[in-house]
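Welcome! Please take a moment to look over the sequence and the model shown here, and then read on for a guided tour.

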Amino acid sequence: MIQITIPTPDVTIHKQKDPEASNIYGFTDFHLISRDKAGIFMFYNDRNELLFVGKARKIRPRIKKHFEDTVSVMKDHREEVSKIEICIVEDPVHREIYETFIINELKAKYNVDKVLYK
């Protein structure tokens with residue numbers, strides 16, 4: 001049996017209640033996320049339920065895209081996101097494994113691809 005452990009987040013950002021700075025759906029700390037690093041990201045609601053897991057070669061622009069584009073599976077659920085956790089994972093094979101594992105282990109609510117538990 002293969003043992004997989006969910007990585008500890010390298011960065012966690014939280015939605016601000018009354019953000020003063022320019023923000024995206026209440027998030028003001030995107031500068032804490034590396035612009036050029038690869039990794040996985042997890043969106044959580046205020047009850048700490050996992051909403052969505054994704055991966056990217058350049059993680060900050062990919063996360064922002066989920067809050068901006070019209071085709072994201074999160075487009076109707078953006079207001080629900082209250083916390084974003086980011087794990088830096090440079091190896092593309094490891095990103096794929098972690099993403100699939102986390103989606104199924106923690107039963108991410110809005111992931112539709114890679115779901116094996118239904």
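## A tour of the model

Ser82 sits in the loop that runs between helix 1 and strand 4. Keep in mind along the way that this is a predicted model. With a relative accessible area of 18%, Ser82 is buried, since the cut-off for that class is under 20%. Its side chain reaches the backbone oxygen of Asn45 at a distance of 3.0 Å. Leaving out residues up to four places away in sequence, Ser82 touches Ile13, His14, Lys15, Phe27, Tyr44, Asn45 and Asp46.

The side chains of Glu49 and Asn45 are joined by a polar contact of 2.6 Å, and a polar contact of 3.1 Å joins the side chains of Glu49 and Arg47. Not counting residues up to four places away in sequence, Glu49 touches Phe43 and Tyr44. At 36% relative accessibility, Glu49 counts as partly exposed. Glu49 and Ala108 are 59 residues apart in sequence, yet their C-alpha atoms are 8.0 Å apart in space.

### Helix 1 and its buried residues

Which residues of helix 1 are buried? In this helix, made of residues 59-68, they are Ile59, Arg60, Ile63, His66 and Phe67. Seen down the helix axis, these buried residues fall within an arc of 120°, so they line one face of helix 1.

The side chain of His66 makes a polar contact of 3.4 Å with the side chain of Arg62. Setting aside neighbours within four places in sequence, His66 is in contact with Phe41, Phe43, Phe52, Ser72, Met74 and Arg78.

### An aromatic cluster

Tyr25, Phe27, Phe30, Phe41, Phe43, Phe52 and Phe67 form one aromatic cluster. Searching the whole structure turns up eight aromatic pairs. In one of them, the ring centres of Phe41 and Phe52 are 6.3 Å apart and the ring planes meet at 35°, so the pair is tilted. Because Phe41 lies in strand 2 and Phe52 in strand 3, this pair ties together parts that are eleven residues apart in sequence.

Tyr25, another member of the cluster, lies in the loop between strand 1 (11-14) and strand 2. The phi of Tyr25 is near 50°, a positive value in a residue other than glycine. As a rule, most residues other than glycine have a negative phi.

Here is how some of the residues on this tour compare in accessibility.

| Residue | Relative accessibility | Class |
|---|---|---|
| Phe41 | 1% | buried |
| Phe52 | 9% | buried |
| Tyr25 | 31% | partly exposed |
| Lys114 | 28% | partly exposed |

### Helix 2 and what follows

How far apart are the end C-alpha atoms of helix 2? They are 20 Å apart, which agrees with the 20 Å that its 14 residues (92-105) should span at 1.5 Å a residue. At the N-terminal end, Asp91 caps the helix: one of its side-chain oxygens lies 2.8 Å from the backbone nitrogen of Val93.

Within helix 2, Arg95, Glu99, Ile102, Ile103 and Asn104 are buried.

Just past the end of helix 2, Lys107 takes a positive phi of about 50°. Lys114 lies in the segment after helix 2, and its phi, near 70°, is positive as well.

### The annotated region

Finally, a word from the records. An unreviewed UniProt entry lists residues 36-112 as "domain: GIY-YIG". Over this stretch the chain is 31% helix and 25% strand, and the end C-alpha atoms of the stretch are 27 Å apart.

Note on methods: Residues numbered from 1 in each chain as written. Predicted model: local features only at pLDDT ≥ 70, side-chain atom pairs only at ≥ 80, totals over all residues. Heavy atoms only, no water. Helix = DSSP H or I, 4+ residues; strand = E, 2+ residues; numbered from the N terminus. Expected span 1.5 Å × (residues − 1). Buried < 20%, exposed > 50% of the residue type's maximum accessible area, 1.4 Å probe, protein only. Polar contact = N/O pair within 3.5 Å; in protein donor to acceptor, adjacent residues only side chain to side chain. Arc of directions from axis to C-beta. UniProt positions renumbered as here; feature names shortened; annotations may be inferred. Phe/Tyr/Trp six-rings, centres within 6.5 Å; stacked < 30°, edge-to-face > 60°. Contact = heavy atoms within 4.5 Å.
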